[in-house]
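Visitor: Please take me through one part of this structure in close detail. I would like to look at a pocket and what lines it.

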Amino acid sequence: MNTPEPFLGDVAHSPVRHHILSVMVENKSGVLARVAGLFARRGFNIFSLAVAPAETSARFSRITIVVDAESAPLEQVVGQLSKLVNVVSISDLAPKDAIERELMLATIRTNVDDRTGLLDVVGSSGAAIVDVDSHSVTLMLAGTPAACDALERELDNYETLELHRTGRVALPRLGKRASA
Amino acid sequence: MKITGAQALIKSLEHEGVEVIFGLPGGAILPVYDPLLDSTIRHVLVRHEQGAGHMAEGYALATGRPGVAMVTSGPGATNIVTAISNAHMDSTPIVIITGQVASAAIGTDAFQECDITGITMGITKHNFLVRDVQDIPRAVAAAFHIATTGRPGPVLVDLPKDLAQSMMEWWYPSTLEELDLPGYQPTVAAAPSLIEAAEALIRDSHRPVLYTGGGALKSEAWDELLAFAERTQIPVVTTLMARGVFPDSHPLNLGMPGMHGVYAAVTALQRADLLITLGARFDDRVTGKVSAFAPDAKVIHVDIDSAEHHKVRRADVAIRSDVRTVLRAWESDRVTPANLDDWWSQINEWRERYPLVYDPPTEEGPLRPQAVIEAIAQSSPEGTIVTSGVGQHQMWASQFWPFEEPRTWINSGGAGTMGFGVPAAIGAKAGRPDRTVWCIDGDGCFQMTAQELVTARAEGIPIKVAILNNAYLGMVRQWQEMFYEERYSEVYLSPDLPDYVKWAEAMGCVGLRATNLAEMRAAIDKANSIHDVPVVIDFRTDSSEKVFPMVAAGASNDDIMVHPLQRSAQ
């Protein structure tokens, strides 16, 4: 995070540039700061980071980190991360072996009588309309990072008031479970 | 049994076998200082918290047991941060207890509040903010476990004042499970296939070097190292962090490599076809320009911390293990290199041509710092422990003091902390009262932490301090002379201000001064005759003296500059 890049839409288009680390951590206060601080002080760049309680119990959380593979060798990132006492396990998910999804919300300015085109975009992209008022609508898309990128490009034809993406979460494809 | 959190903390430290705490009380840690009065644990009251940290380090490095420091919240905690960082860089096992404001006040900018776990996240191996009084024993036990296992390091336990004052039901963890550290796996068994792959590289090598670092000391591998080196006849270099792990008097020991290393040690690494790297981490002060370092060498890298593998130099065989375990696995005769006669004749030529030298001293002075160090070493008993600060005097001490035993050389390596020497010597002497402890210091370093001599006198810890007083921040002066066209910027300190003899006397120590060889000998004799109070000797040394050999920062180790006396021979 030397040069923080809050999100880069083109990550999905250049799979060699990033790695997905699925990191199981103890659910203790300060753990996210330990992980983020490690990336900062070692000069490892993060494309996105998502954290939430994991399946096991309230004791653990899973952090999905998309790492810039050009900022440091993956083995260094994994080696340093695994030294954090609160990090329990690390899985390196090669993009081709992982199911990746993210959630996108976008609020678009559009008048009540001029929504047909936008509704077509919504329909063809698999997005949903989750909020509406007289001069704008809010869309939601849960999909692959590429699908989110594609919808974002479609929305370039409209006036986007706000757009927010969660960063991706990922799990190994079934039959591809491997641990780093 | 119901006891207070404060009592539980002291009891936990007793459980861990702590014999001495270096510390200084204040508001937030005050409750813990009350049960300390009833404890068998000795407390050494420092004059500045940084001193407590370095004393804990000196204690740990001299004894091999974890050092303990205890300070209050806020400025007490921030004052010890330098020592924590120093211990982190040199993998020294210390446990630091800090008081914290009461739980309810955390986050309110309360008096003497600071986020010390946040501040030290990047410079501790781990830290804990205790949130439940019942958890105090677990936190202390986990701190000692983490500090001393795997790659050692500093661990901090931050204790809110209200918890110290609360009641708890006494218990102490008796199993690793009870420490509740599901993510901590400090050791793994070294893979036999890697051990064998390394053996094959050793068998095929013609110019191998045992590149030994601090990890060899940490794993107490000195007997195995000696046996392995003697059996295989592979030359040994000992980094600044490993001095003493292999006897300097041994013919296989080439000495220290690196920026101010011995020519033969530096050049043997450069020309080697195999580096057997044992608990060393390819520090930039050893490698010089990394891309030009040991260009023909294959690398075996043994380190207990796998994050060190391939970090600086890609290893051909990387073994995650402590050094001793691997050396034991290599005891068999099948791990023997080819005939090394050619290699040794080359090395011996370098040794004969470029030994460590300095300009001969004159009887009337100024003193040669190297001669002072040699004179002290010659008059000191076997097993004398030497500490230093950071700078020219540190390099000369490493170069000219003959280290024969492990844990006799205590210095600040990775962090390069000026002022380390005096408090580290006090910690070392507290842990090894049977040993003579000399601090070889510089005048700049001495001024940073000298007040701890008050501690030494008050606590009856009779260390000896040799100030190599060249009136300058000598290493910076050397760089300005050599690389900044003799433009001396903010490096002059004065030989007389402060008056080191009066200062020593004011602190209850014996103060001596030596300006020529006769006074030097007399002062050393006098210091050696004093066993009850600390002694400080102000040695007036030559300001123009420089440390050689030298590899300029960022230069290749091939471009090593030898002492001017040897340059015509090049």
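Guide: First, a term: helices are DSSP runs of H or I with at least four residues, strands are runs of E with at least two, and both are numbered from the N terminus. Keep in mind that this is a predicted model.

Now the second largest pocket. Its volume is about 1,200 Å³. The lining counts 48 residues. Nearest the centre lie A:G79, A:Q80 and A:K83, along with B:D305 and B:A307. Chain A gives two or more lining residues from each of α1 (31–42), α2 (74–83) and β4 (87–93). The largest share belongs to α2(A), with seven residues. Sorted by class, the lining has 19 polar, 17 nonpolar and 12 charged residues.

Next, two threonines of chain B. B:T417 sits in the loop between β16 (409–410) and α18 (421–431). B:T417 counts as buried because its relative accessibility is 8%, and the cut-off is under 20%. Its side chain makes a polar contact of 2.8 Å with the side chain of B:N86. Beyond four places in sequence, B:T417 also touches B:Q50, B:H54, B:T82, B:V390 and B:S412.

B:T408 lies in the loop between α17 (392–400) and β16 of chain B. B:T408 is buried too, at 4% relative accessible area. Its side chain reaches the backbone oxygen of B:E405 at 2.7 Å. Contacts of B:T408 beyond four places in sequence include B:G383, B:T384, B:I385 and B:V386. B:F403 and B:R435 also touch B:T408.

Conventions: Residues are numbered from 1 along each chain as its sequence is written. Chains are lettered from A and ligands numbered from 1 in the order in which they are written. This is a predicted model: local features need pLDDT of at least 70, side-chain atom pairs count only at pLDDT 80 or more; totals for chains, interfaces and linings use all residues. Side-chain values use heavy atoms; hydrogens and water are left out. On a 1 Å grid over the protein atoms alone, a cavity is a set of points where a 1.4 Å probe fits but cannot get out, and a pocket is an open set with protein on both sides within 12 Å along at least five of seven lines; lining residues have an atom within 4 Å of a point. Grid points are joined across faces, edges and corners, and a volume is the space filled by probe spheres set on the points. Ala, Val, Leu, Ile, Met, Phe, Trp, Tyr, Cys and Pro count as nonpolar, Asp, Glu, Lys and Arg as charged, and the others, Gly among them, as polar. Buried means under 20% relative accessible area, exposed over 50%, partly exposed in between (1.4 Å probe, protein chains only). A polar contact is a pair of N or O atoms within 3.5 Å; within protein, one must be able to donate a hydrogen and the other to accept it, and residues adjacent in sequence count only if both atoms are side-chain atoms. Contact means heavy atoms within 4.5 Å.
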